[in-house]
Amino acid sequence: MTKKFNFDVTATDGRARTGVITTSRGDIRTPAFMPVGTAATVKAMLPESVRATGADILLGNTYHLMLRPTAERIARLGGLHRFMNWERPILTDSGGFQVMSLAGLRKLTEEGVTFKSHIDGSRHALTPERSVEIQALLGSDIVMAFDECTPYPADEATARRSMELSMRWARRSRDAFGDRPGHALFGIQQGSIYRDQRAESAEKLREIGFDGYAVGGLAVGEGQEMMFSVLDYAPEMLPADKPRYLMGVGKPDDIVGAVERGIDMMDCVLPSRSGRTGQAFTRFGVVNIRNARHQDDPRPLDEQCTCPACRNYSRAYLHHVNRAQEIIASMLLTWHNLHYFQELMQGLRDAIAEGRLAGFVADFHALRAGGDIDPL
Ligand SMILES: [Zn+2]
């Protein structure tokens, strides 16, 4: 039986919420961090390993998958879950953001966007209807409405034109999605840094009606202070009984600040991408394992971490395999980073449930302010 898409807030602490999103492919504990599986893989990780870090849901990228191996091929092969061996929930983005950041020769009209593939230069089009169709072919559990991610900075008139276009596209996305029991469609609030436009966008999305709502157009270069100032009001303009998703966030302190401001879901390539460049996230901040100070250090990255990289390997080993460009370096550091992010989310969920979020956040910042353990 197909389970209905549902969201239950089980506890709040200030503006922060914890709860459970129910889908036909399993529950998503919120606040949730979604690892990014761009090309039908979270790079350097087996899907069962991603699950072992505590992830309930992955994000897939419509832009990448439509170009290679194509949505039609994935559909013929049984859908994205079977194709990539991940049976739990998948959220797909609409492709809009990556068309604007990766593709060549883009042309934006009322109808949609035409562009050239960054892989082979072939020409493609994305419209609200086509984006929703692709996401349905992939079998995505949470489909994102097609929008224009307003660039930053944008003056008021530019932001307004962009927001109004996205709201017309939101309506078209809703119409194209139709009625698909067990699947959800999320609308995306735009309006840049302008409070009245954010309110208007939220109102338009409410009128159309979605299963969840994203705060769009942030984490695009505005900086943490500006992002938080928008998050001080934007999430509360969206329906309280639906999940609120902040796209493309972020660093651990961005995540903590967003959760404090009422965000339920986030995604970012940071833990996996950083894992491939020798950057590890720990309770004490960022460790660059390439640094020579680690080459004789027999201690784990973080003695309290229970991930395989920390249980079984020294900083000296991680330094060595990174310097030697061994594949295991990416595997171990990605695992550690994803584990750290998921543990942070569990800590936030527990703290909200127990009404002690302020203390948790104070400890989080204090530990990081102290920096990494001293060199030997
Ligand atoms: Zn670890």
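**Close-ups of a predicted model**

**View 1. Cys-305 and its surroundings.** Setting aside neighbours within four places in sequence, Cys-305 is in contact with Pro-300, Cys-310, His-336, His-339 and Tyr-340; contact here says that the C-beta atoms of two residues, placed from the backbone, lie within 7 Å. What you're looking at is a predicted model, where local features need pLDDT of at least 70, side-chain atom pairs count only at pLDDT 80 or more, and totals for chains, interfaces and linings use all residues. Residue numbers start from 1 along each chain as its sequence is written. Cys-305 sits in the loop between β16 (285-288) and α12 (308-312). Helices (H or I, at least four residues) and strands (E, at least two) are DSSP runs, numbered from the N terminus. Cys-305 has 18 other C-beta atoms within 10 Å, so it comes out as partly exposed. For burial, C-beta atoms are placed from the backbone, and a residue is buried if 20 or more other C-beta atoms lie within 10 Å of its own, exposed if 12 or fewer, and partly exposed in between.

View 2. Not counting residues up to four places away in sequence, Cys-310 touches Pro-300, Leu-301, Asp-302, Cys-305 and His-336.

View 3. Ser-94 is found in the loop between β6 (90-92) and α5 (96-102). It has 30 C-beta neighbours inside 10 Å, so Ser-94 is classed as buried. Leave out its neighbours within four places in sequence, and Ser-94 is in contact with Thr-62, Ser-131, Met-144, Ala-145, Phe-146 and Asp-147. Phe-97 belongs to helix α5 and is buried because 22 other C-beta atoms lie within 10 Å.

**View 4. Helix α6 and the glycine after it.** Eight of the 11 residues of α6 (residues 128-138) are buried, and the helix is mostly covered. Here's the buried set: Pro-128, Arg-130, Ser-131, Val-132, Ile-134, Gln-135, Leu-137 and Leu-138. Just past α6, Gly-139 adopts a positive phi of about 85 degrees.

**View 5. Helix α7 alongside helix α8.** The axes of α7 (residues 156-177) and α8 (residues 195-208) come within 10 Å and cross at roughly 10 degrees. Axes are lines fitted to C-alpha atoms, for helices over the stretch in contact, and angles run from 0 to 180 degrees between N-to-C directions. The pair is therefore roughly parallel, the label for angles under 35 degrees. From α7, Ala-159, Arg-160, Met-163, Met-167, Ala-170, Arg-171 and Arg-174 meet Gln-197, Ser-201, Lys-204, Leu-205 and Ile-208 of α8. That contact splits into six nonpolar, two polar and four charged residues. In this scheme Ala, Val, Leu, Ile, Met, Phe, Trp, Tyr, Cys and Pro count as nonpolar, Asp, Glu, Lys and Arg as charged, and the others, Gly among them, as polar.

**View 6. Arg-174, a residue of α7.** Arg-174 has 18 C-beta neighbours inside 10 Å and so counts as partly exposed. Arg-174 touches Leu-185 and Ile-208, ignoring residues up to four places away in sequence. Glu-129 is 45 residues from Arg-174 in sequence, and their C-alpha atoms are 9.0 Å apart in space.

**View 7. Where domain 1 touches domain 2.** The assignment for the chain gives domain 1 (32-267) and domain 2 (275-365), with bounds from an automatic or database domain assignment. Their C-alpha centres lie 28 Å apart, and 16 residues of domain 1 are in contact with 18 residues of domain 2. On the domain 1 side, β4 (32-35), α1 (47-52) and α10 (252-260) are the elements giving two or more residues. The largest share, five residues, is from α10. By type, this side of domain 1 holds 11 nonpolar, three polar and two charged residues.

Note on methods. Parallel < 35°, antiparallel > 145°, perpendicular 65-115°, else oblique.
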